[in-house]
Amino acid sequence: MGSLLETVYDVLVQPRAAMRSIAAWKLTGQAVVVFFLSITASSLMLAPVLKNAGLGNYIPLVMAFYFGGSLLSWLISAAVLSLVAEFFGGQGTARGLFAALGFARLPELFAAPLSALAAMAPAGAKPFLLIMGGVLLSGWSLLLIVTAIRGAHGLSGPRAILTLLTPVLVVIGIGFGLAMLLGATILQNFWR
Amino acid sequence: MFKKTVVLLLAAIVILSLVVVLVVYPNGRQRKMAGNDKIAVVYVDGVIVGGRGQSSLLGDYGGTDGIIRQLHAARDDESVKAVIIRINSPGGSAPASQEVGDEVRKLRKAGKTVVASMGDIAASGGYWIAACSDKIYANSATLTGSIGVYIPYSNWEELYNKIGIHQEKIKSGPHKDILSPERPMTPEERALIQGMVDDLYNQFVAVVAEGRNMDETKVRQLADGRIYTGRQAQELGLVDEMGNMYDAIDGTAKMAGIAGKPDIVEYGKMSPWSILLGASDKVSMEQFFYRQLSEQSGFLPAAPLAAPAAR
């Protein structure tokens with residue numbers, strides 16, 4: 001496998017093949033570098049927003065939470081998605097998926113050029129640029145996550161999407177169940 | 001080689017964008033906004049307490065430290081030409097009010113116009129602060145005045161006897177337990193406390209006389225502790241103009257020579273988290289008196305946010 005720069009290029013231009021290689025070679029080191037660069041860039045974008053909101057004193061705290069939260073989310077999502085992928089017939093390793101998911105954060109780096117464009121745009125175009133750009137970057141990120149799951153576990157597109165959605169659906173289901181239970185309990189006690 | 005070049009080019013674009021967003025653009029925006037003259041609004045809400053006030057999960061609120069920080073921020077901001085102190089306070093601690101009043105004077109010396117705008121109530125310590133400003137606006141129904149000082153004292157001796165509590169203090173000096181609630185005050189102690197009250201009162205009178213450009217004798221006639229409506233206060237020379245905060249903003253803009261509609265800046269905005277999780281410092285005469293009673297007697301617990309009045 002090539003250098004980090006070549007890997008990044010491949011992820012941008014040929015994501016499917018690139019993710020497969022990343023997972024196969026378990027390029028965890030490169031993934032960590034990409035992850036931290038992406039998180040740093042996106043957290044730096046938070047600083048002016050917080051400052052304008054009068055929360056300048058909380059910038060270090062928010063950034064620390066953002067870093068920690070993102071790292072934790074990366075670890076947990078790799079573990080959970082790997083498990084779910086195996087239920088859907090995937091064959092791969094959690095470490096491979098972990099590495100691939102690190103590269104799925106690459107679109108966050110492009111939030112900076114988007115913000116720079118929006119900053120220089122006329123006032124009327126700013127919201128449009130930011131919203132459209134945000135939607136595009138989020139979509140691209142989701143696409144890379146699905147591609148990472150496909151590449152790491154050899155799943156088809158629909159199964160990879162199902163793998164991604166299953167934990168969300170489970171949480172919603174549990175939440176719904178708990179709400180029903182709570183509602184029934186309250187009603188029972190209220191009507192007594 | 002081609003791949004590396006492309007990625008390095010993209011990296012350069014990202015880095016440049018970060019520089020634009022974080023450095024170039026905010027500085028340019030500041031320079032543009034620096035051209036707009038501003039009026040800063042600093043709020044004095046609730047009971048005036050010194051230090052950091054009430055602590056919450058995400059900060060400290062309600063203390064004069066925060067108010068003074070805002071006054072300093074207004075002083076250091078070149079685009080701020082004037083400051084409005086919006087007062088909605090029944091008063092509080094004399095030294096705390098004095099600290100803020102002194103900072104208001106320093107702000108005026110630094111060349112900024114300072115105007116006080118009174119809300120529902122701006123009495124006692126709230127009036128102390130207002131008196132240090134260039135001009136005072138009040139609504140005709142505002143409650144103000146209460147120029148005076150008191151130190152409350154309670155004697156719980158009879159109650160203690162009834163329930164069989166006997167307190168003793170082993171003290172280093174005869175006056176160490178002055179204002180103790182478990183025994184009557186001696187005449188000597190009363191004289192000492194009266195001396196303190198008189199000194200604080202004289203300081204208060206001097207502040208009002210200087211701030212309102214009034215003879216001290218006249219101030220003492222008005223400063224018997226009574227409260228006035230805004231209209232009464234204007235007739236007596238304690239308040240300059242009738243009007244709400246927006247009248248104060250218009251008047252302040254004229255005084256500071258700001259043409260057109262001025263930009264308003266507020267320092268020390270509470271964050272949404274602080275509003276959800278933090279302390280509230282709403283004005284409440286009941287809380288004010290309850291707090292005074294609890295602090296001086298040392299018997300009642302400190303007033304919670306929604307304490308019933310101690311009657």
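## Arg75(B) and the salt bridges of the model

Arg75(B) is partly exposed, with a relative accessible area of 36% (partly exposed lies between buried, under 20% relative accessible area, and exposed, over 50%, for a 1.4 Å probe and protein chains only). Its side chain meets that of Asp76(B) in a salt bridge at 3.1 Å, N to O (a salt bridge being a side-chain nitrogen of Lys or Arg within 4 Å of a carboxyl oxygen of Asp or Glu). Asp76(B) is exposed, at 54% relative accessibility. This is a predicted model, in which local features need pLDDT of at least 70, side-chain atom pairs count only at pLDDT 80 or more, and totals for chains, interfaces and linings use all residues. Residues are numbered from 1 along each chain as its sequence is written, chains are lettered from A and ligands numbered from 1 in the order in which they are written, and side-chain values use heavy atoms, with hydrogens and water left out.

Over all chains, the structure holds 16 salt bridges. One of them joins Glu210(B) to Arg105(B), with the closest N and O atoms 3.9 Å apart. Glu210(B) lies in helix H6 (residues 187-211) of chain B and Arg105(B) in helix H3 (residues 94-109) of chain B, so the pair ties together parts that are 105 residues apart in sequence (helices, H or I with at least four residues, and strands, E with at least two, are DSSP runs numbered from the N terminus). Glu210(B) is exposed at 55% relative accessible area, while Arg105(B) is partly exposed at 22%.

## A buried pair and its network

The side chains of Asp177(B) and Arg183(B) form a salt bridge of 3.0 Å, N to O. Both residues are buried. Salt bridges with shared partners link Asp177(B) and Arg183(B) with Lys171(B) and Glu189(B) in one network.

## The interface of chain A and chain B

The size of an interface is often given as the accessible area lost when the parts come together. Chain A and chain B bury about 1,800 Å² between them, and 80% of this area is on carbon and sulfur atoms (buried area is the accessible area, for a 1.4 Å probe, that two parts lose on being put together, summed over both). Leu5(A), Tyr9(A) and Tyr58(A) supply 28% of the area that chain A buries against chain B, more than any other three residues. The contact takes 22 residues from chain A and 21 residues from chain B, where contact means heavy atoms within 4.5 Å.

Between the two chains there is one salt bridge. Asp10(A) forms a salt bridge with Lys3(B), the closest N and O atoms being 3.0 Å apart. On the side of chain A that touches chain B, helix H1 (4-13), H3 and helix H6 (111-120) of chain A each supply at least two residues. H1(A) gives the largest share of that side, six residues.

## Nonpolar surface of chain A

Val32(A), Phe36(A), Leu71(A), Leu72(A), Leu75(A), Ile76(A) and Val80(A) make a nonpolar surface patch of about 550 Å². Patches are made of residues with over 30% relative accessible area and no salt bridge, with like charges joined within 9 Å and nonpolar side chains (Val, Leu, Ile, Met, Phe, Trp, Tyr) within 5 Å. Helix H3 (28-52) and helix H4 (59-87) of chain A each supply at least two of the patch residues, and H4(A) gives the most, with five. Phe36(A) has its place in helix H3 of chain A and is partly exposed, with a relative accessible area of 34%.

Elsewhere in chain A, Trp25(A) lies in helix H2 (residues 15-25) and is exposed, at 57% relative accessible area. The C-alpha atoms of Trp25(A) and Arg95(A) are separated by 9.8 Å, although the residues are 70 apart along the chain.

Chain B contains eleven helices and ten strands. Of its 311 residues, 41% are buried. Among contacts in chain B between residues at least 6 apart in sequence, 70% join residues at least 24 apart.

Thr144(B), in strand S7 (residues 143-145) of chain B, is buried, with a relative accessible area of 1%. Not counting residues up to four places away in sequence, Thr144(B) touches several residues, among them Met118(B), Tyr127(B), Arg226(B) and Tyr228(B). The side chain of Thr144(B) also reaches the backbone oxygen of Ala122(B) at 2.8 Å.

Conventions:
Areas by Shrake-Rupley, 256 points an atom, 1.4 Å probe, with all protein chains shown as cover. Polar contact = N/O pair within 3.5 Å; in protein donor to acceptor, adjacent residues only side chain to side chain.
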